[in-house]
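Here is a quick look at how two chains sit against each other, and at what one of them is built from. Have the structure open while you read.

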Amino acid sequence: MTDRRPLFLERSSYRQRRLGDAARMLPVFGGVLMMLPAIWQRGEAEGAPATSSAMIYVFGGWVALSVAAFVLARWLDPSVTEPSGDAAGSTRGR
Amino acid sequence: MASLNLLIFVSLIYVAFLFAVAFGAERAALRGQGSWLRSPLVYTLSLSIYCTAWTFYGAVGYAARSGMEYLTIYLGPSLVMIGWFWAVRKMVRIGRSQNITSIADLISSRYGKSTLLGVLVTVLAVVGTTPYIALQLQSVTLAVAAFSQADVTMRPLGDQNSTALWVAAGLAFFTVLFGTRNLDANERHHGVVMAVAVEAVVKLFALVAVGVFVVWGIGGGVGATLERIDASPLGTWSVAPDRWLALTALSAAALLCLPRMFQVMVVENEEERHLRTASWAFPLYLMAMSLFVVPIAVVGLDLMPAGENPDLFVLSLPLAEGRSGLALLSFLGGFSSATSMVIVASIALSTMVSNHIVMPIWLSRQAGGAMVSGDVRSVVLLSRRLSIVGVLLLGYFYYRVSGGSTALAAIGLISFSGVAQFLPALLGGIFWRGANRIGALAGLLIGGGVWLWCLFLPSFGPGVILSAETMADGPFGVGWLRPYALFGIAGLDPLVHGVFWSLLLNTTALVGLSLFTFPTPMERLQGAQFVNVFDHTAGARGWSGGMAQSEDLMIMAQRILGAAEAQEMFRRAALAQGLEGYLPEPTADFLQMLERDLAGSVGAATAHAMIGQITGGANISVEDLMAVADETAQIMEHSSQLEAKSAELARTARQLRAANEKLTLLSVQKDAFLSQISHELRTPMTSIRAFSEILRESGDLDVTTRTKYSGIIHEEAERLTRLLDDLLDLSVLENAQVRLTLAEVRLRAILDRAVAATGASGRLRLVRRGAEEMVLNTDMDRLSQVFINLISNAQKYCDAESPELTISAREMDGLLIVDFVDNGTGIAPDSQALIFEKFSRIGHQQAGGAGLGLAICREIMARLGGSITYLPGQQGAGFRVTLPMHGAMAAQ
């Protein structure tokens, strides 16, 4: 039992760190998703999307991002703190 | 038809309801029953003050004018909240650990508690927020006007300004009442937050209700409405890419930088975990708020007469359709949006104005006034209240001056771009330790200046502040300074242009100057605290870990107070809480008591920091560290004082040792003297006895022999008498029984007499020089006795080949100084201290003295108010006699 405990903790803290990475990546992904309309054709130009399709894209993406944020927030352990190893490394670097 | 009276009546009921909610929340929080106040839902809803009347009314108008572009205003903040793990979490953690009260406080604290930065941020925030407050007043006024137009029973409302004034006054009253009720260290306002949360529900419900009515009531369902949208003028995607990017970034920045958002997001945050809920719930709220905007705009454009203000479609559509109940709800939604924003914004601004402008001035005018705590509290509250009224008045005046004509959205974006100037300093401050005060100052000044020039001033319209020529050709014809074409790069959208240049130059200044200047120690300390905030603070601990905390506290207390004392103290505290054992609950009272006790041992700041570290409630602030340093300095000072004291003790011990040695020596001398004096007394007595026996028993002595013998007897008797005289003399002098006969005498006369008395002939040659004509008021007999003694000493002890005594007199500083210096070998240094003692005799040479001469001299000089000292460093023995020229005699 005593042998397995550290292993279990390590796995869970590893998972927590990766979830933190995901939480950091989500807005980047969302930003890219939401900046896509900037390169759409517009106005009278050929192939400019109808407002209804644009609405479905934007609001659909919006809901999807919120759901992803919800899932991440549920999985992230509230007591998890910043991985001190990374932070200490960057501190030493400066 | 909705009547204006009904509208006012409902509004008043609603306001009374909000008062009740706020009051109830304050009461509950005060009684400690506010667990429902601290729910993540309330936190998320309070964030919704991001959606102001600009959103509620303006978004539809925005969509009617520019299509889908309005979405950027909500997408930016949504992305920021989805990315809470980056910035918002860090800001909240910093805000909690450093007790941050506003964005100005955050930036000023980060950059070494710079007052100047605090003032700059505050001023920029006030300038940027005032138009926004004016905008809220305008929207309520417009809404009331729309109602009054629809109300046929009422005469048209003539003076819209009075509406705005009444709204402003009411808001000021509410804000002062609930925003400055208490002066909590963490600046939380439960009543206000609760009221804002309720208003958030009302405005979402109202907008969704109108949206549902439009889509299903008028539009005929989702499909039909979408077709209607595609067929409308807003039918195809028409957003310019530059504006789409710039506005999303701008609104994202605004969420972090707006003073009111900082207030609800960071300052009013109860628990960090609330962010988890807000991270998905807030984007959903914003999505719901913007979902029905396009349908309402399209249907409004379809149904409403041309020229109708699209900003008011939310209100005028239900009115036009005869749904007065819905219109009323919609009005309340807009009213809620406006009021909640104004209340929170004015609280945030008043905190900033009061903390960064009023209080520094007040404190600098009161020397040492900060000592009186109660005094300062009342001043702070007063300055907050005045600031709130001031901010609202400013908003009202802006509304009056601007005339309330500009499109709502334009003012909002200008305001956003103004506060977005904080972003480089903010993000640089929490992510980059290298950012420093000079860089932040320069960035804010340059960014704020460009914003003022390119966005704020032109927003009043050409010819109001900036003339049309300036707009077209630049100031004084300097083309590259044209407000809409800086550096000659024309053709950009004015807003994108202003945002781009202001933020670019701002960031460049921050980074550039930070790279090439050096921060102060305070800045570096704060920088490390802010950037590495997650290293220093664990997540907020709940009370569940209470016992573990108590144990930690006990371990620490034992180390400092001693085991027995600490255990006894903890046991008593536990008993007082009704607990068995040694571990009381770490309640605030107990912690305070413990801190006080510890402070007695280690100093207040250290105790505070230690308990803070263990309970995790508050991180060590720079003040704590500084105070610790102060205490350390004090301790060092104490120890150096101790060192000085011990040095003094060592000195005293040395002196005591010296005195002891002298006493031992004296005792030895006394013994020697006693044997000497018995010898001195016995020698004449022996010869007197012997010769008197000879005279008595042998009667056949011739006259010569008898005369000789009786002469010897007489001589010896005289010697005895002299010795006894000396002893008597000394005893009299020492007991201060001597009577002085003072008279005016010339020094020369005394010296002459002394020389004559010693039979100045002999081998000793006298050299006399100096001011012998001086007149003294002294006892001539006694003084000449001293001189006689000194001269005869020289006669007896001067061992030179041709002995010589120099007597020199002079006056110095009102003192007569007479030096007697001979040319002998003088007196050895180790004997110099003893020659004035009674019975002391230097060496063992037989010179007929009893060792009382100099002792008598010293006593006489003391009676005469002067002194006699050995004068070292001459060729031979030197004595200095010092007498005051005119001073009173010491003796009676």
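In this predicted model, 41 residues of chain A are in contact with 46 residues of chain B, contact meaning heavy atoms within 4.5 Å. Between them the two chains bury about 3800 Å², that is, accessible area (1.4 Å probe) lost on being put together, summed over both. Carbon and sulfur atoms hold 71% of that buried area.

What about specific pairings between the two chains? The table has two counts.

| Between chain A and chain B | Count |
|---|---|
| Salt bridges (side-chain nitrogen of Lys or Arg within 4 Å of a carboxyl oxygen of Asp or Glu) | 0 salt bridges |

On chain A, helices H1 (4–35), H2 (51–75) and H3 (84–93) each supply at least two residues of the side that touches chain B; helices here are DSSP runs (H or I) of at least four residues. H2(A) gives the most, with 14 residues.

Now for chain B: it has 34 helices and 9 strands, a strand being a DSSP run (E) of at least two residues. Of its 892 residues, 52% are buried, meaning under 20% relative accessible area with a 1.4 Å probe, protein chains only.

A word on conventions: residues are numbered from 1 along each chain as its sequence is written, and chains are lettered from A in the order in which they are written. Local features need pLDDT of at least 70, while totals for chains and interfaces use all residues, and side-chain values use heavy atoms, leaving out hydrogens and water.

Note on methods
Predicted model: local features only at pLDDT ≥ 70, side-chain atom pairs only at ≥ 80, totals over all residues. Buried < 20%, exposed > 50% of the residue type's maximum accessible area, 1.4 Å probe, protein only.
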